[in-house]
Amino acid sequence: MNENSVSPESKREEYKVLHVWPPQKCLLCDRLTVIAHIDPVFLPDFQPKCALHGLARCPFLDETVEEREAELESVRRFVLWMHADTGRVPLVSRIADVKAIPGYEEPDVEDDEEEIGWATRYEAPDGVRLDSYVVSDYDRFFLYENGALLHQRQIEQVV
Ligand SMILES: [Zn+2]
């Protein structure tokens, strides 16, 4: 298969994540954010999204390398945000089965939408590393650390 031969019909709009200024109100909550998603499937396609609601998931099966990287980057943003925007996240990868996550809690509401998940490694400013998991129901992220769902950030950010 030659991946360079893309027919004009298969051209589609790319899912993009942009940095914007000044900060905008998140589409789903009152937080201000400098991240905006361009999602060609939804209107309006310009969607400011905070770190909690900021999953950048390309809805197409033929996602590009850039779109996949934007997704992992959005997971990274969320994990950092949960850690008061300190430290770094050197590792993010998709996982196949969220139910295998230690301490995984089934969503309360009946939802047709499958949840999706990632394994991440967080590194604190003092160098201490923590392996954790992130789950999304496509609207928001959830963070699992040490076998339990975290319900709060380290600090609630004052914007
Ligand atoms: Zn939000």
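Predicted model: local features only at pLDDT ≥ 70, side-chain atom pairs only at ≥ 80, totals over all residues.
The secondary structure of the chain comes to 1 helix and 8 strands, where helices (H or I, at least four residues) and strands (E, at least two) are DSSP runs numbered from the N terminus. Read from that terminus on, the elements follow the order β-β-β-α-β-β-β-β-β. Of the 159 residues in the chain, 28% are buried, a residue being buried if 20 or more other C-beta atoms, placed from the backbone, lie within 10 Å of its own, exposed if 12 or fewer do, and partly exposed in between.

The opening part of the chain holds an open sheet of 3 strands in the order β1-β2-β3, with antiparallel pairing; two strands pair if DSSP finds at least two bridges between them. Because β1 and β3 (46-48) stand at the edges, each with a single partner strand, one side of each is left without a neighbour in the sheet. Neighbouring strands of this sheet are turned by 30 degrees against each other on average, direction ignored, with axes taken as lines fitted to C-alpha atoms, for helices over the stretch in contact, and angles running from 0 to 180 degrees between N-to-C directions.

Within the sheet, β1 (residues 16-25) and β2 (residues 32-38) pair over 6 bridges and form a hairpin with 6 residues between them. One of the pairings joins Gln24 to its bridge partner in β2, Thr33. The number of buried residues among the 10 of β1 is 1, so this strand lies largely in the open.

Helix α1 (residues 65-82) has 18 residues and reaches 26 Å from its first C-alpha to its last, close to the 26 Å expected at 1.5 Å a residue, that span being 1.5 Å times one less than the number of residues. Its buried residues include Glu71, Arg76, Phe78 and Met82, and what covers the buried residues of α1 includes β1, β4 (88-95) and β5 (116-123).

Terms used. Residues numbered from 1 in each chain as written. Contact = placed C-beta atoms within 7 Å.
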